[in-house]
Amino acid sequence: MMRFSRQTVRAIMLVSLACVGTQCSQAPPPPPANTGATPAAGAATASPAAQGPLGSTLPGDADFSDNPQTLQALQHDFDVFSWQSFVALNWTALADGSADPQKVIGADGDNRTVWDSYKEPYEVFLPDGSQPPPWGQQELPAQCRNIGPADGKLIQMTQKVSDDVLDVAGQPFGTGPLVDQQNGRYVRYEIRINRDTYDYIVQNTLFNKEGQQAFTKLVQFPSGSSATAQNPKPPVGALVIKAAWKVVDPAQGDVPGRFHKVQAYVYTRASDNPPTQPSCELKTMGLVGFHIAHKTASAPQWVWSTFEQVDNVRVGHDAPPGTKANFHDPSSKYPANTPPPRPWNPNVVLPPDKRSQVTRVIPIDDATNALNAQWQGWLRAVNKDSVWQYYELVSTQWPTQPKNSPTGPKAAGEPAPVFLANATLETYIQGKTPNVSSSCIMCHNNATTTNSKFSDFTYLLERAHKKGGDNR
Amino acid sequence: MTEQTNYDVIIVGAGIAGGLAAYKLAQAGKRVLVLDGGPGIPPNRGEYMEKFYLEMAKTPESPYPPDTGDEANSRPRIMDLISWKTRPPTGYLIQEGPLPFSSTYERVAGGTTWHWLGTSLRLLPNDFHIQTAYGHGVDWPYGYDDLQPWYGRAEWEIGVAAEVSHQEYHGLTFWDPDDPAKPYSYPMPEILQTYQDQVVARLIGDLTLEGQQVSVSPTPQARNSIPFDDRRVCAGNTNCIPICPIQAKYDATIHVGKAQNLGVEVWYKTVAYSLGVDNETGLVSGVNYKQYEDPKGGVTNTGTVSAPFYIMAAHAIETPKILLNSRSNELPNGVANLSDQVGRNLMDHPTQLSWALMPEPVYPYRGPLATSGVESLRDGDFRKEHAPFRMEMGNEGWNWATNDPWGSVNQFIGEGQFGPALKNNLNALLVKQFRFGSLVEQMPLSTNRIVPSTQYADALGIPRPEITYDLDPYTRAGYAAARQNANAIFAKMGATDLTKPDPTSSRVFYYNDQPYILNGAGHTMGTYRMGGDRKRFVLDADQRSHDHPNLFMVGSGVFPSVGTSNPTLTIAATTLKTVDNMIKTVLK
Amino acid sequence: MSSNQDLTDFVGLSAILTGFGADDLNPQFSPAPVAVEYLQTLQSKVDAALVSRMLSTYQTISGLPPAEQPAAVQSQILADPQLGPVARNVIRMWYLSIWYTDYSDPNNPVTGFSDGTVVSSNAYTKGLAWDAAQAHPMGYSEMHYGYWATEPPPLDSPDDNS
């Protein structure tokens, strides 16, 4: 049975995959002509020819037009979709958050990104359950006011996995924090949702408990789809980003040119377990992990793309002498993939012998490595100092049986690959044990609303409060 | 050598009792050290789950280490019961009979809550004074009303899902722990009952047994019915025992972790084996421990740690083993044992399994392992004649009873079935399977006891527990009544009883010449009980040793009598009560 | 080593033996095909000539009209003194994810307590016994909170791509 629609609109980029690793980034293959991520891309982006396939238009779905349809070929299609999405989301942004049609990603080395203006959950699920402010406004916590620019980025979370089930009043601690080798500081996380996700939540009043209670249908976020001649501007669909950031400090051995960086308010919420004072510091933070979850027509279980900075678990390509991995020190005796000892207080700087010792349990496969080298080459071709060439796709998880009923016995839709973990976001649940080891779809299949209804593969709706505020 | 420490309290055991105690003491600013004999909390549950998947026999202890009876942190296993009489013993316990003690426990951080069911029933008011009310068993030193606020606090601490109006039976009352004038509510709404529960309730209809109206009650459960405490909602993996893959069910690693976040220190792979006592003051002077790295290897370090106060929380078999292993010239009975009651009155909830084929599909093997029960026969005038019981309704078909689906699949294939007939015949059988597990209140017998073996030791040279165990006639009569009443319910439902006690079983016993099979509930209780009379009880009503004023004990060993509720919630409530009292009095 | 033809034959034979469709046993694009694991287990545990005879016998049977195939599998494989015990152990493997060790002694029939090996954790999560029960493997469910409060989907619902 044919499970994926075919498209014939787009020419396929098939460049030699013979070169891998550092060779590619030093001598990238000649970029093919920009066919755009979708037919609409060419119109939306007045792009220099040199940008190759790099485009600012977010694809609404993967393109399955290459044949034959095999597990490997479909994986390739989804991996290409991942890279297209990564590039479009990190495209140079204008002041209003939209993609700058004049500036290719990384043309200036680094750039403010499109997704940076997406909403964070705390802006949507307000403590008093009220209607969230319109798209495009940000409120800073009291601790962060008057210490920097009002439009600065705010990063709060100290752990991702448990944050799935965290509301603003909850405890941000579950499987354990990740601590970088250079600074001994906690990695911080943020979640951001796109406009389609935000609109669905607001339009259906899913931002408070009462609204969720009143919503009797199955939660179904909108799906993206590929552009066609008939429908040149299809919806993007629901898209959720999770990003992991570490402190970047050249004085501690970090190489700033290898990270996408932001000036961010690093905000620590008050907590009584462990006893933690609220704090807010303005820091230079470098992107080390990047998840894109995107609901598409071909993937009702969503497509899960995950990227990392190349130096996370070993020193990546083209590193200057003396560069150290972000989360691995060959000389450390600290056990691998084990959280630091408690108490887990994010305000504490850990000594070198307690810093995270992370290994990648499931290696990135050869085909993905080859694809990474290719896209890194294109990014480097834009500007040899582009920070974006130092990111790699770990893999893309997608459902091989997408038509399985969300209320049936096989709701997860047989995800491929079976397991997928980002070393910075699922550090401590890497592995190959069903129902436990990191699988984006299997875990998010357990996500619910505040009243235990299936919430369509996002834990965000758990964060809703009662109108007027929760009281026990 | 005794190490000088700055701890206020040393706790032996990092299960639910030790974990909660450490957490509450740390919240009050006390400095706490916990010693635990097993490995620490793993970064994730992958290793345990992988072991579970690959084990042929998916018993309660199958996911956990170790695999043999003589390792450093060994504990009993269900598989050991098949050959419990063999010498040298194949399992950890030295079973002297006449019946084998049939429950198991874990010795890893988090303890047996890794494999508990999650059932969180309160004891009934009459359970606290059964001697006075019915002339059997032993009264508690206090009543339900004294423990009621602590039940409420325990339910909020561990997270219990239930609806008060469905739990107000047999005189149970509920009020706000901090204000008796205010109503109480559980922290989470009730877990949805299974389709099976609904069919059973409908088919039972109107039925009176032993003077009690029979009804099906939703069971209070420590599992998430809504997102709670940073943990996921139950997804019905039907695996609470032996392991919840997604930690929707509470386990004590949660409070051990919270305690560590408050600065509590935990030493893992540190096996306490005796207590020292200062003969001048009568105070406990230290905990003697041995440490290991490889559970099959030997001792890597020994030592003694001291603090002003001690809490034993090592489990109802391990705690008396340690106390009795602390014999000295001055204390020939061991520590805290002037009464000679330490290790005696070992109790369980012997569990009568009754299974039947239902007249219509009930679709078991779905949902949490148990979501409802018949609680009607937990109390009533019949308690003058025989022991009461609660009838847990299993959601796992005949899995416990006959090892299905493995049993029937092999039987059908062995008969030559294949293809669609095999699939459809299995379907027709499996969807109609139902069982009751009737947990019978066991009466205390001073001869039911655990002592340290003089013959057999573990890999660290520490004596292993030797157990003498039997059921008294009143308990046996309750077991027989459980069988009869299950049959009456089956008959009312139009179900076909298929219960077949195997007379060749290593766990068979008889009552009125009828064979019954002893099953353990995993509820080890009663070996260091509390009560006012220091000649009859080990602890006073504050769970403090009658003999040593700086020694406290928590856990199900303190229960004077055990009622019919699964003990974990009562462990939590009595622990919170004890620790609160310690903070307000001796640690002030 | 197993060839593609071996796998096709193994899945085809397994479909007749188990009562589940070939697409259920070996779904398209499966990222962790349990049929491959089971064939490898069979080939590692049983004499190669016997496996080869079983698969070639089935290959011949597969040329018959579909309606005649089950009877042919019954008479030529299940009733065969050598092939029968192997084929029954293959059914057990599909239903319970276990390769039982002593499967060919008629005086010592395999029971739920017999010795064996769980093929893998992946295989455990795909045991057909659980589908036959309209349930899920204990310890592995893909359903959502409260699914247990209503009747399950029918036995042969379209999502049965085990």
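Contact here means heavy atoms within 4.5 Å. By that rule, 26 residues of chain B are in contact with 32 residues of chain A. The model is a predicted one.

Start with this interface of chain B and chain A. Together the two chains bury about 2,200 Å². Carbon and sulfur atoms account for 52% of that area. On the chain B side, three residues lose the most area to chain A: B:Asp230, B:Arg232 and B:Asn261. Together they make up 32% of what that side buries. Two elements of chain B give two or more residues to this side, namely α2 (46–54) and α6 (253–261). By class, the side holds twelve nonpolar, eight polar and six charged residues.

Now turn to the interface of chain C and chain B. Here 51 residues of chain C and 52 residues of chain B take part in the contact. The buried area is about 4,200 Å², and carbon and sulfur atoms give 65% of it. In chain C, the residues that lose the most area to chain B are C:Met138, C:Tyr145 and C:Trp148.

The rule finds one salt bridge across the interface of chain C and chain B. B:Lys423 forms a salt bridge with C:Asp156. Their closest N and O atoms are 2.6 Å apart. Polar contacts between chain C and chain B number 21 residue pairs, both partners at pLDDT 80 or more. Several elements of chain C give two or more residues to the side that touches chain B. Among them are the helices α1, α5 (69–78) and α6 (83–96), and the strands β1 (98–100) and β2 (116–118). Helix α6 of chain C gives the most, with five residues. The chain C side divides into 29 nonpolar, 17 polar and five charged residues.

Next, look at chain A by itself. Chain A has eight helices and ten strands. It has 472 residues, and 62% of them count as buried. The chain exposes about 17,000 Å², with 55% of that supplied by carbon and sulfur atoms. Take the contacts in chain A between residues at least 6 apart in sequence: 70% of these join residues at least 24 apart.

A:Thr92 sits in the loop between α3 (71–89) and α4 (121–124) of chain A. Is A:Thr92 buried or exposed? Its relative accessibility is 10%, so A:Thr92 counts as buried, since buried means under 20%. Beyond its neighbours within four places in sequence, A:Thr92 is in contact with residues including A:Ser98, A:Asp100, A:Ile105, A:Asn111 and A:Val114. A:Lys103 is also one of these contacts. The backbone oxygen of A:Lys103 lies 3.4 Å from a polar atom of the A:Thr92 side chain.

Further along chain A, the peptide bond from A:Asn273 to A:Pro274 is cis, with omega near -5 degrees. A:Pro274 lies in the loop between β5 (271–272) and β6 (275–276). A:Asp318 has a phi near 60 degrees, a positive value in a residue other than glycine. A:Asp318 belongs to the loop between β8 (299–309) and α7 (366–382) of chain A. At 24% relative accessibility, A:Asp318 counts as partly exposed.

Chain B has backbone features of its own. The peptide bond from B:Arg87 to B:Pro88 is cis, with omega near -5 degrees. B:Pro88 is in the loop between α2 and β4 (94–98) of chain B. B:His170 is not a glycine, but has a positive phi of about 50 degrees. B:His170 is found in the loop between α4 (144–158) and α5 (195–204) of chain B.

Finish in chain C, at C:Asp9. This residue lies in helix α1 (residues 4–18). C:Asp9 is buried, with a relative accessible area of 5%. Which residues does C:Asp9 contact, leaving aside its neighbours within four places in sequence? They are C:Leu55, C:Tyr58 and C:Gln59. C:Asp9 and C:Asp80 are 71 residues apart in sequence. In space, their C-alpha atoms are 18 Å apart.

Note on methods. Residues numbered from 1 in each chain as written. Chains lettered and ligands numbered in written order. Heavy atoms only, no water. Buried area = accessible area lost by both parts, 1.4 Å probe. Helix = DSSP H or I, 4+ residues; strand = E, 2+ residues; numbered from the N terminus. Nonpolar A, V, L, I, M, F, W, Y, C, P; charged D, E, K, R; others polar. Buried < 20%, exposed > 50% of the residue type's maximum accessible area, 1.4 Å probe, protein only. Polar contact = N/O pair within 3.5 Å; in protein donor to acceptor, adjacent residues only side chain to side chain. Areas by Shrake-Rupley, 256 points an atom, 1.4 Å probe, with all protein chains shown as cover. Salt bridge = Lys/Arg side-chain N within 4 Å of Asp/Glu carboxyl O.
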